[in-house]
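Subject: Structure handover

Hello,

Here is the structure for you to open. My notes on what turned up follow below it.

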Amino acid sequence: MCNYGRAADELYISQSSLFNHIKALEAELSVPLFERSGKKIVVSEYGQMFLPYARRIIDATECFENDVKEKKLDASRAILIGTQYRLTELVRKFRGACKNYMLYTMDSRNVEETLYESGCELAFIRNLKDPEGKFNVVPYVNDSFCAVLYKSHPYADRKSLKLEELKKENFVMLSSLKGKENDGITLCKKAGFAPKVVMTVLSGSEAAKLVNDGLGISILLKKTIQAERLENVILVDLEPRVDCEISLCWRKDVVLSEGARQFVEFVRGLHP
């Protein structure tokens, strides 16, 4: 026997709304799901047939809703960061402290494109220029470019050298990003020569390993290569020194996600 009043209470709707929903479903299926038996309302033969299908529909709907919630939760845990600097160690530390979040990094050409077009909430930018004051900024690290030499190189015992002294060398350089020339090539040109590039690679780590194998020399940021600890690689400062300030930045007109805010606070905590 059916009890419309109790069913409506359990669904938190009125009896009239429940009745209208049932009538609409019966019209869609073209069969009666309930029928009168004297003064009672009972499930019809078609209603009995429909019941297992209804249960499967409810189960499938709940599974779908759970999948959607999980996907939304995964999306809320993801933090997309544009970067012009190696973040391997920082990512490792943040993941150790905040296991609920996942960091994804992508190469950044410039702050405008990264934060306005690529979908990144945050960006690590070298020597940020922001004359209009559009970005929030947290200093991350100061670094400098150096000559990356193999141990047997004639200049390996030098404390510093001028870039023009390397104009006859074979260079391993980072690949230039679209619209932005590689920093090492730019520095060489400023020193008065176009470097002889024998190989290009995607990361400073790859470049340093090729120098370690004696395939050439390179121009890279010093602190990122010191972390590699390659036994056949020597780092020699450039003269004059070429400094590089790396800053974490984000748009002032955007509200950061919870994960991005956690990351910003984590970076701030590194330099109290």
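Start with helix α7, residues 204–212: seven of its nine residues are buried, so the helix is largely enclosed by the rest of the structure. Keep in mind that this is a predicted model. The buried residues are G204, S205, A207, A208, L210, V211 and N212. Their cover includes strands β6, β8 (170–174), β9, β10 (218–221) and β11 (233–238), along with helix α8. Just after α7 comes G214, which takes a positive phi of about 80°.

K209 also sits in α7. It counts as partly exposed because its relative accessibility is 43%, and the buried range stops under 20%. Leaving out residues up to four places away in sequence, K209 touches E228 and L230. K209 and L230 are 21 residues apart along the chain, and their C-alpha atoms are separated by 7.3 Å.

Two of the covering elements deserve a look, α8 and β11.

Helix α8 spans residues 222–226 and holds T224. T224 is buried, at 13% relative accessible area. Where does the side chain of T224 reach? It goes to the backbone oxygen of L221, at 2.8 Å. Beyond its neighbours up to four places away in sequence, T224 touches Y85, R86 and D143.

Strand β11 holds V236. At 0% relative accessibility, V236 is buried. Its contacts, leaving aside neighbours within four places in sequence, are C146, A147, L149, Y155, A156, R158, K159, S160 and L161.

M199 belongs to β9, residues 196–201. It is partly exposed, with a relative accessible area of 33%. Together with V198 and L215, M199 forms a nonpolar patch on the surface. The three have about 220 Å² of accessible area together.

Now the interior. Nonpolar side chains tend to be buried together in soluble globular proteins. Here the largest nonpolar core has 54 residues. Which of them touch the most other members? They are I79, L122, F124, Y140, I219 and F263. Strand β6, residues 135–150, gives the largest share of this core, with nine residues. Take F263: leaving aside neighbours within four places in sequence, it is in contact with I79, I81, L90, F94, L103, L122, F124 and L248. There is also a second, separate core of seven residues, with L115, A123, F135 and C249 among them.

Last, the charged pairs. How many salt bridges does a search of the whole structure find? It finds 11.

- R126 and D183: the closest N and O atoms are 2.0 Å apart. This pair links distant parts of the chain, 57 residues apart. R126 is in strand β5 (residues 122–126), and D183 is in helix α6 (residues 183–190). D183 is partly exposed, at 23% relative accessibility.
- E239 and K162: their side chains meet at 3.5 Å, N to O. This pair also links distant parts of the chain, 77 residues apart. E239 is in the loop between β11 and β12 (243–251), while K162 is in the loop between β7 (160–161) and β8. Both partners count as partly exposed, E239 at 38% relative accessibility and K162 at 33%.
- E265 and R268: their side chains meet at 2.7 Å, N to O. Both lie in helix α9 (residues 258–270), and being three residues apart they are separated by about one helical turn. An α-helix has 3.6 residues a turn, so residues three or four places apart point the same way. E265 is partly exposed at 47% relative accessibility, and R268 is partly exposed at 38%.

If you open one thing in the viewer, start with α7, then follow its cover out to α8, β9 and β11.

Best wishes

Note on methods:
Residues numbered from 1 in each chain as written. Predicted model: local features only at pLDDT ≥ 70, side-chain atom pairs only at ≥ 80, totals over all residues. Heavy atoms only, no water. Helix = DSSP H or I, 4+ residues; strand = E, 2+ residues; numbered from the N terminus. Buried < 20%, exposed > 50% of the residue type's maximum accessible area, 1.4 Å probe, protein only. Polar contact = N/O pair within 3.5 Å; in protein donor to acceptor, adjacent residues only side chain to side chain. Contact = heavy atoms within 4.5 Å. Core = buried A, V, L, I, M, F, W, Y, C linked by side-chain atoms within 4.5 Å. Patch = residues over 30% accessible without salt bridge, like charges linked within 9 Å, V, L, I, M, F, W, Y side chains within 5 Å. Areas by Shrake-Rupley, 256 points an atom, 1.4 Å probe, with all protein chains shown as cover. Salt bridge = Lys/Arg side-chain N within 4 Å of Asp/Glu carboxyl O.
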